[in-house]
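Reader: I would like to check the labels used for this model. Please set each value against its cut-off.

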Amino acid sequence: MVEIKPKEYWPIVYRKEYNVTFFGLENLHPFDSKKWAHIYKWSCVAARISEIPVVAIFPNFLVQRQYLRPIRFFRFQVGGSRLAGKIARKDGVGINLGGGFHHCSKNRGGGFCPYADISLVVNDALQENDCNLVMIIDLDAHQGNGYERDFIGNSKVFIIDVFNKNIYPKDTYAETAISKAVKLDYFIQDYEYLTTVESALNESFLKVKPDFIIYNAGTDILKGDKLGLLSITPEGIIQRDEMVFKLAQQNNIPLVMLTSGGYLKSTANVIAASLQNLVQQGLVKPSQVE
């Protein structure tokens, strides 16, 4: 008798359609618009969101067709975030190699973030009967003002946001939603950063124990990133990610990771190295297809 072994899958979501193209103009933006592949609205509004001002000169139908309307760009990434969240709630861990559009709220976009995927993932989780508290751990270099605006006054969402206080978006209104805010100064290095993040996480877990974690794992904290303006090494990012995943595992809390910001050509390699480390540490494992 031939033994049929169950199939396995890795809880990592990616599609080639994540990668952004706009007649070559994506090359004018410091963001690596194809970083996901390397790891594995209107004209004026689109220009503001995409941070490529020349987009504003294009006719609306071209912007809609090439930038906003196609599912293959950001909408696929939003779907990837929701799918990864579903996988995480089922199997414990889910990773979307895109997503993390934390400057976008349900009402407006900004900062290269056209769709509010984090808010959607939060709402997906809260609609499940056994989920009463969602924790967002936002370790991108920028304040996550988009989803913060969506959850001001919402006691079912606990937000930890560690960000460079000197850079975009400086949204004081959105800050009122943050449960644990850590404001960093320019060019902080590994030791201070990691001990600060660890302290913020430990303090928060003494206050609450969430039912689900959304980890916005921006790599724009990397040394040399001209938008994040911090000085964390690749090794520091790997240690940071391992810290967050271990905390979730130790507390038996499902976690979804979104890759968010990162504006250097080396970013993709750093994310890949971090994922490899998570696998080696047993923090990311394949699941069996039922």
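Author: Start with angles between axes: under 35 degrees counts as roughly parallel, over 145 as roughly antiparallel, 65 to 115 as roughly perpendicular, and the rest as oblique. The model is predicted: local features need pLDDT of at least 70, side-chain atom pairs count only at pLDDT 80 or more, and totals for chains, interfaces and linings use all residues. Residues are numbered from 1 along each chain as its sequence is written, and side-chain values use heavy atoms, with hydrogens and water left out.

Reader: Which residues make the contact of α9 with α10?

Author: Contact means heavy atoms within 4.5 Å. Pro234, Ile237, Ile238, Asp241, Glu242 and Phe245 of α9 meet Val270, Ala273, Ser274, Asn277 and Leu278 of α10.

Reader: What makes α8 and α9 roughly parallel?

Author: Helix α8 (residues 190-207) packs with α9 at an angle of about 15°, their axes 10 Å apart. That angle is under 35 degrees. The pair is therefore roughly parallel. Residues in this contact include Tyr193 and Leu194 in α8 and Arg240 in α9.

Reader: Why is Arg240 called buried?

Author: Buried means under 20% relative accessible area, exposed over 50%, partly exposed in between (1.4 Å probe, protein chains only). Arg240 has 0%, so Arg240 is buried. Among the residues Arg240 touches are Leu139, Tyr215 and Ile221.

Reader: What makes the pairing of Arg240 and Tyr215 a polar contact?

Author: A polar contact is a pair of N or O atoms within 3.5 Å; within protein, one must be able to donate a hydrogen and the other to accept it, and residues adjacent in sequence count only if both atoms are side-chain atoms. The side chains of Arg240 and Tyr215 are joined at 2.9 Å. That value is within the cut-off.

Reader: How do you know that Asn145 is buried?

Author: Asn145, in helix α6 (residues 145-150), has a relative accessible area of 5%, so Asn145 is buried. The side chain of Asn145 also makes a polar contact with the side chain of Asp171, at 3.2 Å.

Notes: Helices (H or I, at least four residues) and strands (E, at least two) are DSSP runs, numbered from the N terminus. Axes are lines fitted to C-alpha atoms, for helices over the stretch in contact, and angles run from 0 to 180 degrees between N-to-C directions. Lists of a residue's contacts leave out its neighbours within four places in sequence.
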